[in-house]
Amino acid sequence: GEHDHRLGGHLILWEWKLVIQFPSGTSILLPSASVAHGNTDIADGKTRKSFTQHIPGGLVRFCRYGYRTEAQFRVEDPQGWADMVKGRLARFENGISMFSTASSLQEDMRAYLRFVD
């Protein structure tokens, strides 16, 4: 959008009491169902546009299960199902490790965003 990211449009992460400048052209991956969030207003007469994508968990699981329901997967591939259940914690920990933490956020932004002070 056409606005100064230092004057508004910040990302608010309520539980963590964080307000993050969110410059135009940047992206964030946010598990929105589990992280309460919002944005600050921008100046009058300025514009901001956003693009939001959502992937339902059920669709992701359907693909992971070989394009079948959980019930079909359990019946048709008991060993595959057992392996899937066994690996849940490791997949969760791997996925969660890709997110910045409150303490690493500033360093991560410097490393990945050229325009952050």
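# Salt bridges, sheet and core

Asp77 is partly exposed, with a relative accessible area of 27% (buried means under 20%, exposed over 50%, partly exposed in between, using a 1.4 Å probe and protein chains only). This is a predicted model, in which local features need pLDDT of at least 70 and side-chain atom pairs count only at pLDDT 80 or more, while totals for chains, interfaces and linings use all residues. Residues are numbered from 1 along each chain as its sequence is written, and side-chain values use heavy atoms, with hydrogens and water left out.

The side chain of Asp77 forms a salt bridge with that of Arg68 (a side-chain nitrogen of Lys or Arg within 4 Å of a carboxyl oxygen of Asp or Glu). Arg68 is buried, at 17% relative accessible area. Glu76 joins Arg68 and Asp77 in a network of salt bridges. The whole structure holds four salt bridges, among them those tabulated here.

| Salt bridge | N to O distance |
|---|---|
| Arg6 and Asp4 | 3.0 Å |
| Asp77 and Arg68 | 3.9 Å |
| Glu70 and Arg74 | 3.5 Å |

Arg6 is exposed at 52% relative accessible area, whereas Asp4 is partly exposed at 28%. Glu70 and Arg74 lie four residues apart in helix α2, which means that about one helical turn separates them. Helices (H or I, at least four residues) and strands (E, at least two) are DSSP runs, numbered from the N terminus.

In helix α3 (residues 78-86), the buried residues are Gly80, Trp81 and Met84. They cover an arc of only 100° around the axis, so they are on the same side of α3; the arc is taken from the directions from the helix axis to the C-beta atoms. Pro78, Gln79 and Lys86 are exposed on the other side of α3. The buried residues of α3 are covered by elements including α1 (57-64), α2 (70-76) and α4 (88-97), where contact means heavy atoms within 4.5 Å.

An open antiparallel sheet has three strands in the order β2-β1-β3 (two strands pair if DSSP finds at least two bridges between them). β2 (18-20) and β3 (37-39) are at the edges with a single partner strand each, so one side of each has no neighbour in the sheet. β1 and β3 pair over three bridges. The bridge partner of Leu11 in β3 is Asn39.

Leu11 also belongs to the largest nonpolar core, whose six residues are Leu11, Leu13, Ile20, Val35, Leu105 and Met109. β1 (11-13) and α5 (105-112) each give two or more residues to this core. Such a core is a set of buried Ala, Val, Leu, Ile, Met, Phe, Trp, Tyr and Cys residues joined through side-chain atoms within 4.5 Å.
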